[in-house]
Amino acid sequence: MAEPKNLETLTSKISNDLYATINLLDILEEVFDGKQKEGFLVSSIQKNIHKAFDNVELCRQLISKPD
């Protein structure tokens with residue numbers, strides 16, 4: 001697979017990967033329904049991914065603003 005050549009393409013790829021991971025974690029959360037330790041891990045990972053997604057969006061805004 002070819003590597004992205006610019007920041008806009010790269011941030012888009014990162015966002016897509018994060019979104020796919022969020023969906024996988026939602027499924028995993030259903031599998032661990034009611035199990036405290038596993039639920040805590042999934043919840044923590046979800047929070048970190050949401051933070052990363054927010055940071056990617058901030059990066060996109062910074063990239064798109066002219067100097």
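Q: Where do E57 and R60 lie?
A: In this predicted model, E57 and R60 are both part of helix α2, 3 residues apart, which is about one turn of the helix.

Q: What does E57 form with R60?
A: The two residues form a salt bridge, and their closest N and O atoms are 3.0 Å apart.

Q: How many salt bridges does the count come to?
A: The count comes to 2 salt bridges. One of them joins the side chains of D17 and K13, with an N to O distance of 3.2 Å.

Q: How many residues apart are D17 and K13?
A: They are 4 residues apart, about one turn of the helix, and both belong to helix α1.

Q: What is the relative accessible area of D17? And of K13?
A: D17 has a relative accessible area of 40%, so it is partly exposed. For K13 the value is 32%, which also makes it partly exposed.

Q: Changing topic: how many helices and strands does the protein chain have?
A: The protein chain has 2 helices and 0 strands. Its radius of gyration is 15 Å, well over the 11 Å given by the globule rule for 67 residues, so the chain is more spread out than a compact globule.

Q: What box do the C-alpha atoms fill?
A: Taken along the principal axes, the box is roughly 50 × 30 × 10 Å.

Q: What percentage of the 67 residues is buried?
A: Buried residues account for 13% of the 67 residues in the chain.

Q: Turning to the surface, which residues form the nonpolar patch?
A: The patch consists of L7, L10, I14 and I63, which together have about 310 Å² of accessible area. Helix α1 gives the most to this patch, with 3 residues.

Q: What about I14: where does it lie, and what is its relative accessible area?
A: I14 lies in helix α1. Its relative accessible area is 33%, so I14 is partly exposed.

Q: Which residues gather in the patch of negative charge?
A: D26, E29, E30 and D33 gather there, on the surface.

Q: Where does D33 lie, and why does it count as exposed?
A: D33 is in the loop between α1 (7-31) and α2 (36-64). D33 counts as exposed because its relative accessibility is 64%, and the cut-off for exposed is over 50%.

Terms used: Residues are numbered from 1 along each chain as its sequence is written. This is a predicted model: local features need pLDDT of at least 70, side-chain atom pairs count only at pLDDT 80 or more; totals for chains, interfaces and linings use all residues. Side-chain values use heavy atoms; hydrogens and water are left out. Patches are made of residues with over 30% relative accessible area and no salt bridge: like charges are joined within 9 Å, nonpolar side chains (Val, Leu, Ile, Met, Phe, Trp, Tyr) within 5 Å. Accessible areas come from the Shrake-Rupley method with a 1.4 Å probe; for residues, only the protein chains shown count as cover. A salt bridge is a side-chain nitrogen of Lys or Arg within 4 Å of a carboxyl oxygen of Asp or Glu. Lys and Arg count as positive and Asp and Glu as negative; His and the chain ends are not counted. The place of a charge is taken as NZ of Lys, CZ of Arg, CG of Asp or CD of Glu. Buried means under 20% relative accessible area, exposed over 50%, partly exposed in between (1.4 Å probe, protein chains only). The radius of gyration is taken over C-alpha atoms; the globule rule is 2.2 Å times the number of residues to the power 0.38.
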